[in-house]
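Colleague: Please take a close look at one part of this model for me. I would like the annotated domain first, then the chain around it, then its contact with the neighbouring chain.

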Amino acid sequence: MTAVVDPEVAADPLPPRRRNRAWEKFRRSPSALLGGVIVLFFLIVALLAPILPVPGPTETDWSAVRKAPSIPHPFGTDEIGRDVLSRMIWGAQASLLAGVVSVLIAVLLGVPLGMLAGYLRGWTDAIISRFTEALLAAPFLILAIALAAFLGPSLTNAMIAIGLSAMPIFIRLSRAQTLTVMTEDYVESARAVGIGHLGMIGRYILPNIIPPIIVQATLTIATAIIAEASLSFLGLGQQPPAPSWGAMLNIAKNFLEQAPWMALYPGVAIFLVVLGFNLLGDGLRDALDPRDS
Amino acid sequence: MLAFLARRVFIAIPTVILISLFVFSLQHLLPGDPILVMAGEERDPEVIAALREKYRLNDPIPVQYLAWAGNALQGDLGISLRTQQPVLELIAEKLPVTIQLAVMALAIAILIGIPAGVLSAYKKGTWIDWVANITALSGLSVPNFWLGIMLILLVSVKLGWLPASGYMPLSEDPLQSIRTMLMPAFVLGTAIAATLMRHTRSAMLSVLKSDYVRTARAKGLRESVVLIKHALRNALVPVVTVITLLFGELLAGAVLTEQIFTIPGFGKLVVDAVFNRDYAVVQAIVLCTGIAFILMNILADAAYRVLNPRMSEQ
Amino acid sequence: MRILKTLGLAALLATTSGLVHAQDLRIGLQEDPDVLDPDQSRTFVGRIVYASLCDKLVDITPDLEIIPMLATGWEWNADGTELTMTLREGVTFHDGEPFNAQAVAANIDRSQNFELSRRKSEVKSIESTEVIDDYTIKFNLSAPDATLIAQFADRSGMMLSPKATGEAGEAFGLNPVCAGPFKFKERIQQDRIVLEKFAEYYRADEINFDSVTFLPIPDTTVRLANLRAGDLHMLERLAATDMASAEADDGLMVEKATSLGYQGITINVANGPRAENPLGQNAAVRKALSLAIDRNALNQVVFEGAFATGNQPYSPTSPWYNADFPVPERDVEAAKALLAEAGFADGLTIEVQVANNPVQTQVMQVIQSMAGEAGITIELAAKEFATLLADQSAGEYTASQIGWSGRVDPDGNIHQFMTTGGGINDSKYSDPEMDRFLNEARLSTDPAVRKESYNAAIAKQQEDMPIVYLYHPVWLWALDSAVDGFTPYPDGMIRLHGVSVTE
């Protein structure tokens, strides 16, 4: 996850009348649609995991340890004879959950803080900004590793660690957006009319910062999924016997020579789902971007 | 300019204090007792007590913090609990390794990212643009630890072309050093290349639309001259800024890359230290990277001002 | 003339080829050693480095007999409270200081009294040392201690230059000075440790390398790839799952030795409130768990059969193994019957903590699935090792999958775990009979007498089962086939005396 806010995410405020054009634009972008399809596919697979016709993800078969892909096990079996396909399907749940929940944590904490800083300015802004900078200064993964180690290795804690580490981006973004919105003519005139704080936030600030937040959130889900995989790969995420793509890779790296399929498929899955979210995020950004038409 | 730098450094001070507090408390909240591990398999109570006393772990945490921060201000970052090497020495030993990795990765990223970005902007809307974009997104989407594993499998285990791990100092055998670092640098460079490509493309797009490019074209200059001399030079301003800011990403990426390829650098040092609960090492590294990161940010802003004089008037 | 010259050259070539003194022997280690001070260090890999760096008072044979090293002979007094050792003459430390009885006394003093010494418990029985003459030293013990000699075959017996320890103090590990075949040259943490040949070594003729480089490479696949590529001459702890492919490789050899250690499940029987559960309170439930485990299948699945199954602190091939209790076959019905008898006919759920490394979690997942079939539902709590250890010693656990690296003397594998108040008795198991057996075993230097005590202790252990033993790791070394003269030892060390590389 990068401290560099994508140059095109921090968009100019979006005047209300342009918003309905967004869907039209999104629909016409092939890559955005491709991203949507990929994400939807994994979402459906994850949701349908319990009813798909595969063995249970923790069902072991001693007689079929590390067997190459075959008809009963299309993706092969793992180090204790479990079906890799089944573990990938169930692993999709862990990855998507990690991506979405950690970003939710980041958004729900970061956006109010950022808005507060941008709206109140002064000391509040100074404190929040220093805090954000301090968080940003620790490289993301090192921060997440330390946090995950501190909280104890588990999927939930990995999500919290990733969420906290991703929070500064949202603080920065919503602060910057709020500051910009506050200087708009129509906001200034609204203020002159005497609309209260809540009214200001609800009527003008929130609607204007939501589009870039959605774009950033979609892109951050992509990085969060990689982050979860990285933490699980280091043994700090999902714990056995529950499946997760990163954890599968952690084991698989010990059997590269004998069972390369154990390493291949989870990696491809991470790649695809992350690509999906990135494409989707790009598409959303172009669609919501008021600058070019 | 000086006043600007001074102001930025001054603002950074509370941030650094925050980082140090944060790092210190985080380490002390980590579960698990490093002393139990350090005491050895027998876990002799007498040894445990002696070690706690020795490393002042019995003192109240604020006292420990002040002692640590005081020493840190004097340039003493403590010694590694695991190997008893002074942490500063460790950092000095590991830093060149990671810098070499980062520089090589950055070089690969620039070689791929900037030409691809220019091309894609120039051919905006064509299939070339589309392919470049998808490739860049793929580079961003591939988990680099997995890419590393796959490359080891293919290039080292199956083909035997490059060593799977190891490190040779540049000073001892430059050629071998670059050879061993090639695969990790490529892995680390892919994501950076993708980011650079996207930034270059977007900067090029806005420059290509600008008046002076139009003027240059109107003057009948050759397209390659327009592209390189006029457009790219201006587009590089934000790209250079991004490169400085990518420092943090390079460091974070190096953490996993070094782990996969067993490169004895900064990233491997910090991960091993977290797992070994080597307090002094983790604290020192996060503090140092934090400060370095802040400095890079200030430099980036300064660079931006120098390259783009209009900014400094604001 | 020309022909003669050619012939002469050919003859010269013939004598020099064959056995070439390799400049540098490169050994891949599984992890980076900790501080290189035998009094302070605690890791297994550290000891591998010491085997080339620091000679000990005594050594062991592959059959675990104690043989002379820096001490040439020793003698006990009648009641086993005085040990007199004669020392090798003409030995010097790497800094040129002489090795003698004064040096031994200084070393024992450092192991006992140095603030950061981890060896205190190993040499606790020594009340005082007496320098009889330059090459004779007497240890006066507070009580008979049959285990002491075996301690001298490990880190407590490693002799450090008293001048260097005096000067460097706790920083000795940054530049260790011993009396082994190689002296310390340099170390780059996480990258390499380089030792170079010590010309004045008293057995220098057995050493065929100018230097030896240890390279920590934690990833097993990468370690093996480096050996195959010729970047390493040998590696330790080959993954059991890589054994078949390494054996099939013409350029490689695999050597093995069953380790002195074990892996097992330690059960909290009386360590705080967490002991109050069916597993902690009822030996029948623990026996049921043991019976539910198919140790052979576990060994096959996780280690491709390369390790040794076990059910005691000693491996079945050890002279201390109690043959009356062979490794049990899996018996799900018997396990269920035991559970039913104990009042858990419908099964029960227990939590087992495990270190979150791939191999140990794999072991526990296999056991989890086996125990499930007998009605014991296992919930796994994967923790980082530092956390696991802290929780275990604080009694914050029900059961814990953990192992022991093993000791040469049988006492080291059982006494501290099973006696009341034992240093690492995290079960808090306590039984007066067990205490008596194990304490008595320490008093005699007669193996037959000791064997009887250990047999009785193991019979008792099988009844109460505070630790369910699972398997004994087998040390696996992979070597380039050009390496000659390597001998596997059950302590897992790499002894370079007599090892050479032919090109």
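Modeller: Start with the record. For residues 95–300 of chain B, UniProt gives "domain: ABC transmembrane type-1", in an unreviewed entry. The model itself is predicted. Within residues 95–300, chain B is 83% helix and 0% strand.

Now the whole of chain B. The count is 13 helices and 0 strands. Written in sequence order, the pattern is α-α-α-α-α-α-α-α-α-α-α-α-α. Along the principal axes, the C-alpha atoms of chain B fill a box of roughly 85 × 55 × 35 Å. Chain B has 314 residues, and 48% of them are buried. What about sequence separation? Take the contacts in chain B between residues at least 6 apart in sequence: 71% of these join residues at least 24 apart.

Next, the contact between chain B and chain A. Chain B gives 43 residues to it, and chain A gives 40. On the chain B side, several helices supply at least two residues each. By class, the chain B side that touches chain A holds 34 nonpolar residues, 8 polar and 1 charged.

Chain A carries an annotation of its own. UniProt lists "domain: ABC transmembrane type-1" for residues 92–281 of chain A, again from an unreviewed entry. Over residues 92–281, chain A is 85% helix and 0% strand. The end C-alpha atoms of that chain A stretch are 19 Å apart.

Chain C has 16 helices and 21 strands. Its radius of gyration is 25 Å, close to the 23 Å that the globule rule gives for 503 residues, so chain C is as compact as a globular protein of that length. The C-alpha trace of chain C spans about 95 × 55 × 40 Å along its principal axes. Of the 503 residues in chain C, 54% are buried. Among contacts in chain C with a separation of 6 or more, 68% are between residues 24 or more positions apart.

Back to the part you asked about. The side of chain B that touches chain A has 34 nonpolar residues and 1 charged residue.

Terms used. Residues are numbered from 1 along each chain as its sequence is written. Chains are lettered from A and ligands numbered from 1 in the order in which they are written. This is a predicted model: local features need pLDDT of at least 70, side-chain atom pairs count only at pLDDT 80 or more; totals for chains, interfaces and linings use all residues. UniProt positions are given in the numbering used here, feature names are shortened, and annotations may be inferred rather than shown by experiment. Helices (H or I, at least four residues) and strands (E, at least two) are DSSP runs, numbered from the N terminus. Two residues are in contact if their C-beta atoms, placed from the backbone, lie within 7 Å. Ala, Val, Leu, Ile, Met, Phe, Trp, Tyr, Cys and Pro count as nonpolar, Asp, Glu, Lys and Arg as charged, and the others, Gly among them, as polar. A residue is buried if 20 or more other C-beta atoms lie within 10 Å of its own, exposed if 12 or fewer, and partly exposed in between; C-beta atoms are placed from the backbone. The radius of gyration is taken over C-alpha atoms; the globule rule is 2.2 Å times the number of residues to the power 0.38.
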